[in-house]
Structure formats: C-alpha cells, structure tokens
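Please look over the sequence and the structure shown here. The briefing that follows is arranged by topic for a reader who is new to them.

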Amino acid sequence: MSKQQAPLPLIDLNADTPCCPPLAQSQVPAETAAVLAPAFKALGDPVRLRLMSMIASAADGEACVCDLTPAFNLSGPTISHHLKTLREAGLVDAERRGTWVYYRARPQILRQLAALLSVEPAAAAKA
C-alpha cells in the first residue's frame, strides 16, 4: 500500500457559489478543509486580520502598502511578510506600480469563507 496521498480535488475558491454547505449544516470534507485551512490560518494572526480588514474596507477597493505600514508599530519587512502570507493564502491580489505595491481583497474567497462559517439553519438559508 502506497503512503502517497492522492492529489486534492479542485475546489474553485473563486466561484460565486459556496464550495460546501455551512459548518452548521454538514461536516466539511477533509479535502475541502485542506484547501480552506491556509486562508483561515492566515487570518488567525492579529496583524494579518487587521491588514485584511484595511484592504477589504479600502475606499477604492485597494490599499497601497504605503498606507498600510504606518498603521502598525512594525518594520516594513515584517508588514511585507504578513502581506505575502495573505497573498499566498489567496486572500489578496497584489499589483506593483512604480515603487509601491497595491493590494486588493479577493471577494469570492472571502464569500466562501463566510458561507462556510454561516450558522443559519438550512431552512433559513434557503428563504
């Protein structure tokens, strides 16, 4: 018997429809949990949660790293590390413009995470 794990099935975290039923309605399949866990882990740090909030709530839909860094009593490289973690978890997109990097939240993935955490009963969710 081989100890190699089968490749994870593809779960489209960019889809507008939920990837799976909410936790309150059904157990999360192991494969889905493995795909979603990095995003939840990334948000499990207070600095990254604040950064995500700042980016997601930015008036223009994007935030410059030059506006994010002064909000923290941390070095620029530390903020960059946290932003890289959010990017690698698929929560934000980044675009370099000159010397600055601008970050945008990926709303579909945030919707997927929110839908999974919904505690609405099945009947109320369909209403």
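Buried means under 20% relative accessible area, exposed over 50%, and partly exposed in between, with a 1.4 Å probe and protein chains only. Strands (E, at least two residues) and helices (H or I, at least four) are DSSP runs, numbered from the N terminus. This is a predicted model, in which local features need pLDDT of at least 70 and side-chain atom pairs count only at pLDDT 80 or more, while totals for chains, interfaces and linings use all residues. Residues are numbered from 1 along each chain as its sequence is written, and side-chain values use heavy atoms, with hydrogens and water left out.

**The sheet**

- The open sheet has 3 strands in the order β1-β3-β2, with antiparallel pairing; two strands pair if DSSP finds at least two bridges between them.
- Its edge strands are β1 and β2, each of which pairs on one side only.
- Strand β1 (residues 63–64) is joined to β3 by 2 bridges, with alanine 63 opposite tyrosine 103 and cysteine 64 partnered by tyrosine 102.
- Strand β2 (residues 92–97) is joined to β3 by 6 bridges, and alanine 94 also stands opposite tyrosine 103.
- The hairpin of β2 and β3 has 2 residues between the strands, and glycine 98 there takes a positive phi near 65 degrees.

**Helices on the sheet**

- Helix α2 lies across β1, β2 and β3 and runs at about 85 degrees to β3; axes are lines fitted to C-alpha atoms, for helices over the stretch in contact, and angles run from 0 to 180 degrees between N-to-C directions.
- Helix α4 (residues 76–88) packs on the sheet and touches β2 and β3, its direction making about 125 degrees with that of β2; contact means heavy atoms within 4.5 Å.

**The disulfide**

- Cysteine 64 and cysteine 66 form a disulfide with sulfur atoms 2.4 Å apart, the rule being a pair of cysteine sulfur atoms within 2.5 Å.
- This link is right-handed, with 130 degrees about the S-S bond.
- Cysteine 64 counts as buried because its relative accessibility is 2%, whereas cysteine 66, at 27%, counts as partly exposed.

**Confidence**

- The chain averages a pLDDT of 84, and 79% of the residues score at least 70; pLDDT is the predictor's confidence in each residue, from 0 to 100.
- Among the elements of the chain, helix α2 (residues 46–56) has the highest mean pLDDT (98) and helix α6 (residues 122–126) the lowest (53).
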